[in-house]
Amino acid sequence: MYNRSYNFSAGPATMPVPVLEEIRDEMLNYRGSGMCVMEMSHRSKVFQQIFDEAEADLRKLMGIPDNYKVLFIQGGATLQFSMLPMNLMKNGVADYIVTGAWSKKAFKEAQKFGDVKCVASSEDKNFSYLPDCSDLPIRENADYVYICENETIHGTTFQKLPNTKGKILVSDQSSMFLSKPCNVSDYGVIYGGVQKNIGPAGISIVIIREDLIREDLDPKTPVYMRYDTHAGAGSMYNTPNCWAIYVCGKVFRYLLNNGGLEAMAAYNEKKAKVLYDYLDSSKMFNGTVEKEFRSLMNVPFVTGSKDLDAEVVAYTKAAGFDNLKGHKSVGGLRASIYNAMPIEGVEALVECLKKFEAEHK
Ligand SMILES: *Cc1c(COP(=O)(O)O)cnc(C)c1O
């Protein structure tokens, strides 16, 4: 109806059409306020209500306990790579599990702020698996243990959380946020940029246990980089990204109205299976990740030939499938199949790949 392509982008990524339609309908005059949400004061009653509903809906969706704060902070997930160590390092010690490009970046950034050690890595096989995290040399005085729970570029997901030996677990959930139920109390901090699986780029959501929000930080810590600043001001110390918060709120409500995270998990499993089953049966394409660690959200695959990979990307693009080129560190193709990608899109992609394979025997 809108002539939209199936968009397999890793982020910013496809969004639910009913949400886009609702936003369209409210664009010029949000519910009789006489203006667009983009034009509103963040201090207005009408925006405060949008904000409060968004937070309440997210709390309901994820079952976030009362002793956790939900913060909406600008700077994307990347800002959190430095904000986390700046705020959580009481002893100046943290242990990182490095399983792909994003945890590696976070690890490198954190090293600026203290004694930061990599306690497990899968870099020896280009991050195509997850290391055994059941008995790691977590340090006695580690302030936290860090993971990227779904590696967007390398396509791995933790099926089981690491044994942190009682230390606080911090998880980057950017590319799996709201893709399945999450037991928030297993974590000290969950955070993620929203432009992968939720809404428009421009904010990250930080879910943090209240007792981890410290005031006794290095006095030189920039005010914007302190969790207590954001927590104390209801995420409105300065002008927040009102638009992104509004759109995220729409997505939260949409998910609540469509069965919540249990339903999303079932749908995502069914959807990913369509693609993985094909990859496993194909003689041309191979998934790059060891089976037991495969992500339901980001599916990298290769033909084994760079030229052929490029040909497939061009072929799928011409057929209406967008953004399938793999990240340069893995090569080949990558299909990001977040919550909002309909199963029909994955089925159609598989048909297209099958056709390509048949034509190139
Ligand atoms: C995209 C991504 C980031 C970086 O997000 P920005 O919002 O662009 O800073 C960090 N971690 C993961 C897992 C990602 O997928």
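Which residues in α7 meet which residues in α9? The first view answers this. The model is predicted: local features need pLDDT of at least 70, side-chain atom pairs count only at pLDDT 80 or more, and totals for chains, interfaces and linings use all residues. Residues are numbered from 1 along each chain as its sequence is written, and side-chain values use heavy atoms, with hydrogens and water left out.

**View 1. Helices α7 and α9 in contact.** Tyr267, Lys270, Lys271, Val274, Leu275 and Tyr278 come from α7. They meet Ile343, Glu344, Val346, Glu347, Val350, Leu353, Lys354 and Glu357 of α9. Contact means heavy atoms within 4.5 Å. These residues divide into eight nonpolar, no polar and six charged. Here Ala, Val, Leu, Ile, Met, Phe, Trp, Tyr, Cys and Pro count as nonpolar, Asp, Glu, Lys and Arg as charged, and the others, Gly among them, as polar. The axes of α7 (residues 260-281) and α9 (residues 343-359) come within 9 Å and cross at roughly 0 degrees. Axes are lines fitted to C-alpha atoms, for helices over the stretch in contact; angles run from 0 to 180 degrees between N-to-C directions. The two helices are therefore roughly parallel (angles under 35 degrees). Helices (H or I, at least four residues) and strands (E, at least two) are DSSP runs, numbered from the N terminus.

**View 2. The largest nonpolar core.** This core has 56 residues. A nonpolar core is a set of buried Ala, Val, Leu, Ile, Met, Phe, Trp, Tyr and Cys residues joined through side-chain atoms within 4.5 Å. Buried means under 20% relative accessible area (1.4 Å probe, protein chains only). Met62, Leu178, Ile205 and Ile207 have the most contacts inside the core. Helix α6 (residues 242-257) gives the most to it, with nine residues. Another core, of 29 residues, lies apart and includes Leu84 and Tyr227.

**View 3. Strand β9 and its partners.** Five of the five residues of β9 (residues 189-193) are buried, so the strand is largely enclosed by the rest of the structure. Val189, Tyr191 and Gly193 point one way; Ile190 and Gly192 point the other. Three bridges join β8 (residues 169-172) to β9, in parallel. Ser171 has Ile190 as its bridge partner. Five bridges join β9 to β10 (residues 203-209), antiparallel. Val189 is partnered by Ile208. Two strands pair if DSSP finds at least two bridges between them.

**View 4. An open sheet of three strands.** The order is β11-β12-β14, with antiparallel pairing. Edge strands β11 (286-287) and β14 (333-336) each pair on one side only. Pro300 stands opposite Arg334 in β14.

Technical notes. Buried < 20%, exposed > 50% of the residue type's maximum accessible area, 1.4 Å probe, protein only. Parallel < 35°, antiparallel > 145°, perpendicular 65-115°, else oblique.
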